Amino acid sequence: MLKMTDVKKVFRTDLVETHALRDFNLHVGEGDFVAVTGPSGSGKTTFLNIAGLLETFNGGTYELDGQDVSNLNDKKRSQLRNEKIGFIFQSFNLIPDLNLFDNVDVPLRYRGFNSAERKKRIESSLEMVGLAQRMKHLPSQLSGGQQQRVAIARALAGEPRFLLADEPTGNLDTQMANSVMDLLKSINAAGTTIIMVTHDGQLASQARRNIYVRDGKVSEVNDTDAATAPHLAAV
Amino acid sequence: MFHYYLKLSLKSIGRQKSLSVLISTTLGLGIAACMITYSLIYLMSKDPLPNKSNRVYHVQLDNWHRNSAAIEPNLPPEEVTWRDAMNIVHAKQAKYQAAHAITWGMVTPANKNVPPFLGIIRATQGEFFPMFDVPFLYGQGWQNHPINHVEYVTVLSKETNQRVFAGINSVGKTLPMLGKLFTVVGVLDEWHPSPKFFDMSFGAFYPPEDLYVPLQIKAELELPHGGHTHCWEKDLGDNYQAFLNSECVNFNLWIELASQQNKPQFDNYLQTYVEQQKGLGRFPRVSNNIVLNINQWLVYKKVISSDMYLFFYLALLFLLVCLFNAASLISTKFTAKNSEIALRRALGANQLAILSQCLTETLILGCLGALIGIIFCLMGLEGIKYLYPNFSAFVTLDMPLMLITVGISILSSVLAGLIPSIKVSMLAPAGYLK
């Protein structure tokens, strides 16, 4: 489903050349729940950005749902991103002057759904995260956990195949983090593939699969019981 | 999607009110400066008789001294002599023909409640009215009279009719003036031709006259010569008839042809006339007749001065400066939205969608700019009217000008917003998302 082979990413300035990813290899199957861990600057976020088609890469191949995305133009990449990928960010990234309904509406607008279809999907996804009653509220009227739930609803409204989460609980207290994690697990159980970057070993241990990234490479993969992986205990 | 972009743009403008107003005002100021000067040029150069300007002609004959031109370099005088005016008008070689000159005299209304006043009078021939499509409120003009026929009739301007007869239909009433009793045969409706193409002696935007009388009255009553009077002969004699028989020019001569195709025929007639006059010892210079239609005449007379074009170019430069400023402000406005744009890109918006959204916003700012520009423009034009009362009659922002203003504003805003919009649509989203 998601297959990266020898992917390279180099950031260049006039003076410095930084190899963010070097020969990055990863295969994520349908329905996986992958936690990506690793030290700061190891390339986790770069991997996630490339996986989410937010960034291009300098070498290797990347297939998403069987489609080579290396040479797609902006229109195709945006369409693919809109249809197949949902994003969850650490700082929620809700648009402050749009109410919950309009925030969840954003990806659906670019999908070209008619208003009835959009309404149905918005209501259903907000229902799923338990915020259907508050769809006319502004993000500032919600707690952090609730805002992250809205972000999840927004990511789910388009029924993507992949959910890419970058530190989804990084700004939440433990209780809220657990509640968000429970929500992600239930989404995964329903069939959505999730790739989650996290520093939190406890959260990573709840994923089905763990990968550890160091110096821009996948250095370790634990497919069985993530909680026992020695590197995760150190994270 | 346009409806969605419109909604987002209005929200964005509401969120950044001060910046948005500043951008629109910057655009509005530049547009107003341009539109004020453009309005003046447009209005000054507007065809005063659009239906027939290409077949109504001003006639110039070169009756000047052998050794010096009336107007350098080698141009004939702009007016003609009494003799030439009479000869050509009564030859009836055109559909309409009329000579006319400005004069003045005392008007002494019979109604004692209306004080006497000095009336500015246009002495002309009857075909002046149909030739220039002069609108009548009551009655009509008079026929071109035979050369020695004198009839004491007059046509009043609407203002004069209001002043003397309180605005009633005064046709058939008598009006004492110039020491005679004149019968009113017509009252004009509002008529403020701008530019006043048929006689620009006092400038192209001088107000119209108070009264109109037959041209023969001028000779009969020996009325003073208003407007331009130029002579080159040294010994004219000192009586009025001597002036009329002289080579002094004072009369504007206009003709209307049935069609443009008749112009060569009229030119031939004029050339034959000049040759005849040469045979009588007149017209010592090489034939140099100039027959220009109305629009050619306005160009010949340089109704729009080069200063006006200079002002317009300066205003264009000012608009350019405003555009750069607006572009910079729009760039600031969009930069503040980088993280929202990045988010939208992450959620599936392609570059074109972001570009469309940004351009919709600049379009709205442009519409606001147009509104502000129109307000400034109207204020500017009012200021011009206040400073130059002669311009009052024609300085106005009419519908075509209003549409041009809106068009320029929208175009300017799109131009100003294009580069910032392209820039923001191409931003790399990953750098702005956490």
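**A walk through chains A and B**

Just after helix 4 of chain A, A:Gly130 takes a positive phi of about 80 degrees. Helices (H or I, at least four residues) and strands (E, at least two) are DSSP runs, numbered from the N terminus. This is a predicted model: local features need pLDDT of at least 70, side-chain atom pairs count only at pLDDT 80 or more, and totals for chains, interfaces and linings use all residues. Residues are numbered from 1 along each chain as its sequence is written, while chains are lettered from A and ligands numbered from 1 in the order in which they are written.

Stay with helix 4 of chain A. Helix 4 covers residues 115–128, and at 1.5 Å a residue its 14 residues should span 20 Å. The expected span is 1.5 Å times one less than the number of residues. The end C-alpha atoms of helix 4 are 20 Å apart, which agrees. Which residues of helix 4 of chain A are buried? They are A:Arg121, A:Ile122, A:Ser125 and A:Leu126. A residue is buried if 20 or more other C-beta atoms lie within 10 Å of its own, exposed if 12 or fewer, and partly exposed in between, with C-beta atoms placed from the backbone.

Now step back to the whole of chain A. Its secondary structure comes to 8 helices and 10 strands. Of its 235 residues, 47% count as buried. Take the contacts in chain A with a separation of 6 or more: residues 24 or more positions apart account for 70% of them. Two residues are in contact if their C-beta atoms, placed from the backbone, lie within 7 Å.

Next comes the sheet. In chain A, 6 strands form an open sheet in the order 6-7-8-3-9-10, with mixed pairing. Strand 6 (85–88) and strand 10 (217–222) of chain A stand at the edges. Each has a single partner strand, so one side of each is left without a neighbour in the sheet. The twist averages 20 degrees from one strand to the next. Two strands pair if DSSP finds at least two bridges between them.

Strand 3 is mostly covered: 5 of its 5 residues are buried. A:Phe33, A:Ala35 and A:Thr37 point one way from the strand, and A:Val34 and A:Val36 point the other way.

Strand 9 (residues 209–214) of chain A runs antiparallel to strand 10 of chain A, joined by 5 bridges. A:Arg214 has A:Lys217 as its bridge partner in strand 10. Axes are lines fitted to C-alpha atoms, for helices over the stretch in contact, and angles run from 0 to 180 degrees between N-to-C directions.

Chain A also touches chain B. The contact takes 21 residues from chain A and 18 residues from chain B. Helix 2 (74–84) and helix 3 of chain A each supply at least two residues of the chain A side. That side divides into 7 nonpolar, 7 polar and 7 charged residues. Ala, Val, Leu, Ile, Met, Phe, Trp, Tyr, Cys and Pro count as nonpolar, Asp, Glu, Lys and Arg as charged, and the others, Gly among them, as polar.

In chain B, follow strand 7 (residues 180–188). Strand 4 of chain B runs antiparallel to strand 7, with 3 bridges, and B:Phe136 is partnered with B:Leu188. Strand 5 (residues 153–156) of chain B runs parallel to strand 7, with 4 bridges. B:Pro135 lies in the loop between helix 4 (128–131) and strand 4 (136–139) of chain B. With 11 C-beta neighbours inside 10 Å, B:Pro135 counts as exposed.
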